[in-house]
Amino acid sequence: MVKNMGSPGRGRFWKSPLFWVLAAAVLARLPLLLYNGGILWPDSLSFLASAENIAFRGDFAQHRMFNTPLYPMFLSLFLKLLPQAPVTGWLIVLAQHLLGIGSTLFLWLGGRRLFGAAPALLGALLFTLHPVVLYYEHVPHTETLFVFFLAWLFMRVARAPEAPGAWRAAELGLLCGLLTLTRPVAKLLVLTLLLWLALRLRRLKPALARGTLLVLAYAAAVLPWMAFNYRNAGYFGISK
């Protein structure tokens, strides 16, 4: 009796679309890990230089005003862990491949809630097997980290309840802040989420309360960096 009850449960995961999405994501990236090191662009070198200043000197001031801080901070973790080691570049690429797998998972979860299992499966596979996605995961650049946060935001919006609560609003504001600190192109995304909250809640008082929390969480993420830029470069903004 116990055996019969347990067998269906064990076989269920193998039939799940999520299993095949994650399997495809992992298998597509395994051969790429045989290539030791990332593909360097000119911008990659500036990000790595900023990461070295953060890792070895604790210096955020020596950065290009076009760069935002989050991706250099991400790179600095690996430089600090294994400074000047041949495997450092490989670990950065591995981490970015893991971020790509995480983005795939978020897109599947959000897509399944909005469109159902079959469209979510197709969309997640198209994303995770796309040559451009795989290419950028091999480049020390902001795209992979940015897409990870964007997919996370999409998943949390897609799976939000009919009346999003205070914690959900704050989480979405924080994710908008992380996206902005990764690529400044996201700095107006918070306005889209404010509109989404207003349409979702449809009542003035809850919409104002949740919107205020969203903006405060966003401001808590980006204002310290803006103040830092003002103190060190005379520019109160995300990037020039």
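This is a predicted model: local features need pLDDT of at least 70, side-chain atom pairs count only at pLDDT 80 or more; totals for chains, interfaces and linings use all residues.
Q: What is the C-alpha to C-alpha distance in space between Ala-170 and Leu-216?
A: Ala-170 has its place in helix H9, and it counts as partly exposed because its relative accessibility is 21%. Although Ala-170 and Leu-216 are 46 residues apart in sequence, their C-alpha to C-alpha distance is 7.6 Å.

Q: Is Arg-202 buried or exposed?
A: Arg-202 lies in the loop between H10 and H11, and its phi is near 60°, a positive value in a residue other than glycine. Most residues other than glycine have a negative phi. Because exposed means over 50% relative accessible area, the 75% of Arg-202 makes this residue exposed.

Q: Which residue just after H3 takes a positive phi?
A: Helix H3 covers residues 42-57, and its reach of 22 Å from first C-alpha to last is close to the 22 Å expected at 1.5 Å a residue. Its buried residues, among them Phe-47, Leu-48, Asn-53 and Ile-54, pack against helix H4 (70-81). Just after H11, a positive phi of about 70° is taken by Gly-234, while just after H3 one of about 60° is taken by Gly-58.

Q: How are H5 and H8 oriented to each other, roughly parallel or roughly antiparallel?
A: The axes of helix H5 (residues 87-115) and helix H8 (residues 143-158) come within 8 Å, and H5 passes H8 in a left-handed crossing. The residues that meet include Gln-96, Phe-106 and Arg-113 in H5 and Val-147, Trp-152 and Met-155 in H8. Since the axes cross at roughly 20° and angles under 35 degrees count as roughly parallel, the two helices are therefore roughly parallel.

Q: With which residues is Glu-143 in contact, leaving aside its neighbours within four places in sequence?
A: Glu-143 is found in helix H8, and it counts as buried because its relative accessibility is 19%, where buried means under 20%. Once the neighbours within four places in sequence are left aside, the residues in contact with Glu-143 are Tyr-136 and Arg-183.

Q: What percentage of the contacts in the chain with a separation of 6 or more do residues 24 or more positions apart account for?
A: The secondary structure comes to 11 helices and 0 strands, and 44% of the 240 residues of the chain count as buried. Among contacts with a separation of 6 or more, the share that comes from residues 24 or more positions apart is 71%.

Key. Residues are numbered from 1 along each chain as its sequence is written. Side-chain values use heavy atoms; hydrogens and water are left out. Helices (H or I, at least four residues) and strands (E, at least two) are DSSP runs, numbered from the N terminus. The expected span of a helix is 1.5 Å times one less than its number of residues. Buried means under 20% relative accessible area, exposed over 50%, partly exposed in between (1.4 Å probe, protein chains only). Contact means heavy atoms within 4.5 Å. Axes are lines fitted to C-alpha atoms, for helices over the stretch in contact, and angles run from 0 to 180 degrees between N-to-C directions. Angles under 35 degrees count as roughly parallel, over 145 as roughly antiparallel, 65 to 115 as roughly perpendicular and the rest as oblique. A crossing is left-handed if the near helix is turned anticlockwise from the far one by less than a right angle, and right-handed if clockwise.
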